[in-house]
Amino acid sequence: MSSASSEMSDFKAKVAFMRAWRPKSAVSNRDKMEIYALHKQAVSGDAPQRDPPNLSVSERTNLREWRKKRGLSQAEAKAAYISECDRQVRTYGTAPQSTETNGDGGGSGGGGNASGRGSSGSRNGTQTPTNTPATPAGSSPGGHLLTPRGIAAIPLLCAAAAESRT
């Protein structure tokens, strides 16, 4: 019984670490999906056989990846999640922590919620969110963003399609 509780505490600690982890280089979509699917299998077990109605493209992709883990026990999924997290941390590295706390620099200051989606909380509320780099990886030196590609473009394409229907 103690190994099961140790396994659960190791898993929870790794989940907390990964929520706070800021990789040095961009993580591939494939690796993001692998982490998602292993976490979902570890927490919820096997994915449902049928698709719920009205799924978005990204939700359908998430469900498909989760289904690939079908048959993996929750304990095996937890162990696989931990080893995959360790592999990704080795592969992508960890970005250095910013030591600025005066609110005028980028980096990973305080603030933010448990999922890492809050802002750093500067005085005027214009601080870059903690999980967004100060200079986007796909931006040019002139400051304009380049066109997103791959899975990152899907929400933009869906929004454009919805606007064209109205």
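1. Helix α3 covers residues 57-67, and its buried residues are Thr61, Leu63, Glu65 and Trp66. Buried here means under 20% relative accessible area, exposed over 50%, and partly exposed in between, with a 1.4 Å probe and protein chains only. Helices are DSSP runs (H or I, at least four residues), numbered from the N terminus. The cover over the buried residues of α3 includes α2.

2. On the basis of the note: this is a predicted model, in which local features need pLDDT of at least 70 and side-chain atom pairs count only at pLDDT 80 or more, while totals for chains, interfaces and linings use all residues. Residues are numbered from 1 along each chain as its sequence is written, and side-chain values use heavy atoms, with hydrogens and water left out.

3. Confidence: pLDDT is the predictor's confidence in each residue, from 0 to 100. Its mean over the chain is 76, and 63% of the residues reach 70 or more. Over residues 101-125 the pLDDT is below 50, yet this stretch has 38 contacts in the model beyond near neighbours in sequence. A contact means heavy atoms within 4.5 Å.

4. Helix α2: the 16 residues of α2 should span 22 Å at 1.5 Å a residue, and the end C-alpha atoms are 22 Å apart, which agrees. The expected span is 1.5 Å times one less than the number of residues. Buried in α2 are Asp31, Met33, Ile35, Ala37, Leu38, Gln41 and Ala42. Just after α2, glycine 45 takes a positive phi of about 80°.

5. Aspartate 31 belongs to helix α2 (residues 29-44). With a relative accessible area of 11%, aspartate 31 is buried. Leaving aside residues up to four places away in sequence, aspartate 31 touches Glu84, Arg87, Gln88 and Tyr92. On the same terms, valine 27 touches Trp21, Lys32, Gln88 and Tyr92, not counting residues up to four places away in sequence.

6. The largest nonpolar core has 12 residues: Phe11, Val15, Met18, Trp21, Val27, Ile35, Leu38, Ala42, Ala77, Tyr81, Cys85 and Tyr92. α1, α2 and α4 each supply at least two residues of this core, and α4 gives the most, with 4 residues. Such a core is a set of buried Ala, Val, Leu, Ile, Met, Phe, Trp, Tyr and Cys residues joined through side-chain atoms within 4.5 Å.

7. Because phenylalanine 11 lies in helix α1 (residues 2-20) and tyrosine 81 in helix α4 (residues 74-92), the pair ties together parts that are 70 residues apart in sequence. Phenylalanine 11 is buried at 5% relative accessibility, and tyrosine 81 is buried at 3%.

8. Charges over rings: lysine 78 lies over the face of phenylalanine 11, 5.7 Å from the ring centre. The charged end of lysine 40 sits over the ring of tryptophan 66, 5.0 Å from its centre. The criterion is NZ of Lys or CZ of Arg within 6 Å of the ring centre and within 35 degrees of the ring normal.

9. Alanine 4 lies in helix α1 and is partly exposed, at 44% relative accessibility. Alanine 4 and alanine 75 are 71 residues apart in sequence and 8.4 Å apart in space, C-alpha to C-alpha.
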